[in-house]
Number of protein chains: 2
Amino acid sequence: MPSTAQAVTTAHEHSSALSNGNTEITAHPSAPTPSSASKRRHSKYRHVAAYHANLRHSSLSRDAAVTPSFLGFRNLMVLVLVAMNLRLIIENSMKYGVLICIKCHDYRKQDVVLGSILFALVPCHLFLAYAIELSAASAAKQTVGQQKRTAEEKERDQQAFRSTWRYTALLHTLNATICLALTSFVVYFLIHHPGIGTLCELHAIIVWLKNCSYAFTNRDLRLAFLNPSADPDLPEIYEACPYPRNVTLGNLAYFWMAPTLVYQPVYPRTASIRWSFVAKRLAEFVGLAMVIWLLSAQYATPVLRNSIDKIAVMDIASILERVMKLSTISLIIWLAGFFALFQALLNALAEVMRFGDREFYTDWWNSSSLGAYWRSWNRPVYLFMKRHVYSPLVGRGWSPFAASMMVFTLSAVLHEMLVGIPTHNFIGVAFFGMMFQLPLITLTTPLEKMRGPHGKTIGNCIFWVSFCLVGQPLGALLYFFAWQAKYGSVSRMSV
Amino acid sequence: MPSTAQAVTTAHEHSSALSNGNTEITAHPSAPTPSSASKRRHSKYRHVAAYHANLRHSSLSRDAAVTPSFLGFRNLMVLVLVAMNLRLIIENSMKYGVLICIKCHDYRKQDVVLGSILFALVPCHLFLAYAIELSAASAAKQTVGQQKRTAEEKERDQQAFRSTWRYTALLHTLNATICLALTSFVVYFLIHHPGIGTLCELHAIIVWLKNCSYAFTNRDLRLAFLNPSADPDLPEIYEACPYPRNVTLGNLAYFWMAPTLVYQPVYPRTASIRWSFVAKRLAEFVGLAMVIWLLSAQYATPVLRNSIDKIAVMDIASILERVMKLSTISLIIWLAGFFALFQALLNALAEVMRFGDREFYTDWWNSSSLGAYWRSWNRPVYLFMKRHVYSPLVGRGWSPFAASMMVFTLSAVLHEMLVGIPTHNFIGVAFFGMMFQLPLITLTTPLEKMRGPHGKTIGNCIFWVSFCLVGQPLGALLYFFAWQAKYGSVSRMSV
């Protein structure tokens, strides 16, 4: 083709604001060529271009050389999800109207009073923990003061250390366990409101875990203090506050408030508090908490209420349908809750405490095995379990499987306490849900280690389905059903 | 840390079949070091590791150095879509039971007989088109036989060509239009069944377009034949069959059956027919056709029936809810229909015809503007419009916008004929739906040309929403409503 024709084609393309422009530069034999310029009174265009000039495959055929991109279908998925959920919102509002009602929400005054007392009791227990450590530390200081270096004296030191540890361990166990047991008793028998109960129980469990970490860590710091030559490998960061200088009330109070369950005498700290950062995180937290409340009231509650009859008669298809209907909303609530707690609240807390290590989670959403998920979604608990349960057991010669078993059993007990006590129903769903993680982990670990993306994708899908699409809504349904069976009604909603 | 400790850590990792293993190599100061090996009767592990040793950001914080991958959320989206639709399937089956009923489907014998007659009439019209071209070709051959080379004689040749073209054009127009008009009349007034009607009407429109292309192309081939020096630029591929040798019944019959609307004397051809390929494509077509039928009967029909009352009273929220409910199923039917026709059927046909150019579509799903979509989803029609409407008009000096306007007007008329005639309702929705593409194209073209991926993503979303999530289900709803208003019931389904 002469260059004139191409120029014309290009001109069309540039001026074409609309679709059917000549974006494909196919042959235009009719464009004015020098030889035909004299015949301009005929139509310049000729309908003869060979649009079909080459062998070509359909792009979806296997014969096609390149697989086309499917990015458009990803956009379509997002849109279909939005459309489907918008439709459910309209359907919900046509069926139920507005279910959100601030005044309808009732709680007993007794619940609030008891909850406040429980919260106030916690610092007392922490003070006791401090007192226990202080006396153990002063005993250790005495031993070190009398520094004698014969083998016999060293042996006596060791015996003294062990008998001190026996007492401290007993006292710490009593102190921490009384705190947890008292809270659990009060929440189970005396606090009706599940929300207030959950807050108290969660705080008690956190303090119990912190207490354990405080006791174990101080014991081993004391041991290193007594035998500086035998254990030279204390982390460098601790040098800023060597044992027993860390045993102060301020240090313990910092650990109480810090967003971690692992006690260290010293933590990495930021230089200053960015109050605007704190404000933004708190705004996120409050906003998301409201969203969660609205979603629960408007969308989760009707589904839960409508499922009661179906669970009662064990209509499997209907229960399945209810679990699926609940799964989307519980997933959204779960994701919002994760972000509100682990991103917004813990970051705000860390900023206020100038706590430097903000890795409260890693990218758990990409987990290609259940194991990877449990390692990454809740780092504070994971690090506690690793430092104070898993690694010590493996160090004592337990197999990694047995140690993991122990970790998940402990975690299962704590989960059942956290859900069962405030809802006044130990139905064991949270316990067995956690224990069920072990076979799921065994199942998905090989997928994670497969080469290529397929194994990882399958593992990730198993994680999402087992955890978010089935496990959580099913658990919520069962605890709701148990509550309903025991009390008849969650709250006096007029529907 | 000494290397022994690392070796122990690595051993843990390898033997760890479960999750909470030491996959993170953090400090393990308690692993047996040579100096502490003598004190093995104490627990070897020490609870002192500094898990919080560095300043780190949460991965979702803006402060984080790298944005984490969100691949897991893509998997989640797919799973939620599957779960939501599975739930709708269960809900549908609980509400309606099985709606699929082969015997219930009734059609009148008259429809089948008339449809067959219409199909049989088409070859007669094609024979007429051939006869018209044959006489024009013989006239041209005569002129060329008398080859005289004075300017006056050339001028007379041109006049003869133009008067021949006037007659051929008139005859072709009469022939093609009678064929289309007759079919439209019979389908509109005499064939009740919309499926049979659509098949007849679609065939008639295709043949009309092919007729136009045949007439235009042969005219310009004839012109080139008469003035070989003036138009030397006929595509090379045509040399295998120069005008007037292409004017044969076999050549026209091939064009009739070939999967293209653009006439060329010669097409790229494959060497042989792979019958296994044909069988696979036909199996795909039959399978998808059955899927589409099942989906329509079980899922689309109830939604359509339930929307009648709401359209009648113009309840906007309910109509919106119905369109959204319909959009998913209409989208699936649309995608299945696209694949069945453009990938399966046209590829099977092309293979049987040894037609080489299989580019019946390009990756329209990634279209970032409506213009790109209309250029890529239906290449046969696009190429026809470009070769025989858009390019000639632009060649005559029309602006690209005006030419596009013409293309879409023609297309709108054909769309309305294709939908309105078999459903016996010219309600203009298809027509205005097509005309509405012009403003949408104008709107989305700037997005397509934006730098970076965001403009393209927005354009792609506008395409999906306007076309698949709103346009199609709304159109289906309105034609169904019109049908219902006219005939009362689609078919005698017992619900």
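Is A:Arg87 buried or exposed? I looked up its accessibility first. A:Arg87 has 4% relative accessibility, so I put it down as buried. I note here that the model is predicted.

**Entry 1: a pair in helix H2**

I went on to the partner of A:Arg87. Its side chain meets that of A:Glu91 in a salt bridge, at 3.0 Å from N to O. Both residues sit in helix H2 of chain A, which covers residues 71–96. They are four residues apart, so about one helical turn separates them.

A reminder to myself: side chains of opposite charge can pair when their charged atoms come close.

**Entry 2: a pair between chains**

Next I looked up A:Glu359. It forms a salt bridge with B:Arg56, and the closest N and O atoms are 3.4 Å apart. This pair crosses between chains. A:Glu359 is in the loop between helix H8 (316–352) and helix H9 (370–376) of chain A. B:Arg56 is in the loop between helix H1 (3–15) and helix H2 (71–96) of chain B. I noted B:Arg56 as partly exposed, at 26% relative accessibility.

**Entry 3: a pair within chain B**

I turned to B:Arg375 and found a salt bridge to B:Glu448, with 3.9 Å between the closest N and O atoms. B:Arg375 lies in helix H9 (residues 370–376) and B:Glu448 in helix H13 (residues 437–449), so the pair ties together parts 73 residues apart in sequence. B:Arg375 is buried, with a relative accessible area of 14%. For the whole structure, the search gave 30 salt bridges over all chains.

**Entry 4: the nonpolar core**

Which residues touch the most other members of the largest nonpolar core? I listed A:Trp364, A:Trp374, A:Trp464, B:Trp364, B:Trp374 and B:Trp464. This core holds 172 residues. Helix H5 of chain B (residues 194–226) gives the largest share, 10 residues. I picked A:Trp374 and looked up its contacts beyond four places in sequence. Among them are A:Tyr382, A:Phe408, A:Met434 and A:Ile441.

**Entry 5: the two copies**

Last, I compared the chains. The same surface serves both copies, since 100% of the contact residues of chain B recur in chain A.

Notes:
Residues numbered from 1 in each chain as written. Chains lettered and ligands numbered in written order. Predicted model: local features only at pLDDT ≥ 70, side-chain atom pairs only at ≥ 80, totals over all residues. Heavy atoms only, no water. Contact = heavy atoms within 4.5 Å. Salt bridge = Lys/Arg side-chain N within 4 Å of Asp/Glu carboxyl O. Helix = DSSP H or I, 4+ residues; strand = E, 2+ residues; numbered from the N terminus. Buried < 20%, exposed > 50% of the residue type's maximum accessible area, 1.4 Å probe, protein only. Core = buried A, V, L, I, M, F, W, Y, C linked by side-chain atoms within 4.5 Å.
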